[in-house]
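Have the model open and follow along.

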Amino acid sequence: MAVTIFSQDGITDSAAVSDLAQRATRADGDPPFSDQTLVDVRSAKAGLRSVTAVQDGALVGAAVINPDPDQASTFTVELVVDPEHRGAGIGTALAREVRGQVEGTVEAWAHGNHPGAQRLAETYGLSSVRDLYRLKRSLRGASDLPLPVDLAENLEIRPFEVDRDENGWLRVNSQAFSEHPEQGKMTLDDLRQREAEDWFDAPGFLLAVRAEDPQDIQGFHWTKIHPASDGSPAMGEVYAVGISPEQQGRGVGKALTAAGINYLADQDLEDVMLYVDGDNTAAMALYEKLGFERWHLDVMFRGEITG
């Protein structure tokens, strides 16, 4: 049966793209799209473009093209092929169509750094520029839990409150991740979209605040729980940890990380995972001291696509 390639503005069937991503995740152990891309797909973000592969009415491959709003002619690209239809040239056909749709700087993620993604990047002259590691540690039955939470006396930890803490959190997040290519750009709309996700859990969104002013947010640990699926148990995630500049070097990040891990352990989860950039040696050292080990690797490839 022939495969037809379509290019379109936006996402015509976000549910089908999400289902395709889930099938690939189950087969590969790696999600083909970032969390931000999935949020953008489900919310029909303006400016998003897609290339899809359809066979006998079913979606068997998709590429999402996301223009960078802050950098002209810069595009993030993520691509997935249905596990049961690989080896038939669908990925190559999708990449060829993407090549004709963009002109400028392309940043393509290879989640899991699979050989097929590496070959496609090489074919189009893209070079690896960023390593994003996934680390994992055990929770259930771990002898070192609960971890000690050593926080300065003028700070305390409380859970995030929806419709109250959004602006304060956005301020600290933008300060903490001012040089981070994804996290630091989060807007109120981005945050609201995550609050609407099934996985959002306000009690597990921990804030470090001044004891004398609980609205003065100084840091946070946003945890996430991935539900069980297809025989794989539910897993916790250190989704994001951020500290205000004035609290840097005072142990607030370590205390919040420990508090979040303890929270996830209390949910009776087997393991917890997190993402960390390969060049963030300080964070890598902290997480390894907390019992995390390297588990998976995502790689960003970058290059110029011209006429």
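In this predicted model, the side chain of E107 makes a polar contact with the side chain of R302, at 2.9 Å. E107 sits in strand β5, which covers residues 104–111. Is E107 buried or exposed? Its relative accessibility is 12%, and because the cut-off for buried is under 20%, E107 counts as buried. Leaving aside residues up to four places away in sequence, E107 touches T74, F75, T76 and V77, along with M300, F301 and R302.

Now for the helices. Two packed helices are described by the angle between their axes and the distance between the axes.

| Helix pair | Angle | Axis distance | Crossing |
|---|---|---|---|
| α1 (residues 14–28) and α2 (residues 35–42) | about 155° | 9 Å | left-handed |
| α5 (residues 166–176) and α6 (residues 188–195) | roughly 115° | within 10 Å | right-handed |

Take α1 and α2: how do they run relative to each other? Angles over 145 degrees count as roughly antiparallel, so α1 and α2 are roughly antiparallel to each other. On the α1 side the contact is made by S14, V17, S18 and A21, and on the α2 side by L38, V41 and R42. These residues divide into four nonpolar, two polar and one charged.

In the other pair, α5 brings E166, W169 and L170 to meet L188, L191, R192 and E195 of α6. Here the residues of the contact divide into four nonpolar, no polar and three charged.

Methods:
Residues numbered from 1 in each chain as written. Predicted model: local features only at pLDDT ≥ 70, side-chain atom pairs only at ≥ 80, totals over all residues. Heavy atoms only, no water. Helix = DSSP H or I, 4+ residues; strand = E, 2+ residues; numbered from the N terminus. Buried < 20%, exposed > 50% of the residue type's maximum accessible area, 1.4 Å probe, protein only. Polar contact = N/O pair within 3.5 Å; in protein donor to acceptor, adjacent residues only side chain to side chain. Contact = heavy atoms within 4.5 Å. Axes fitted to C-alpha atoms, helices over the stretch in contact; angles between N-to-C directions. Parallel < 35°, antiparallel > 145°, perpendicular 65-115°, else oblique. Left-handed = near helix turned anticlockwise from the far one by under 90°. Nonpolar A, V, L, I, M, F, W, Y, C, P; charged D, E, K, R; others polar.
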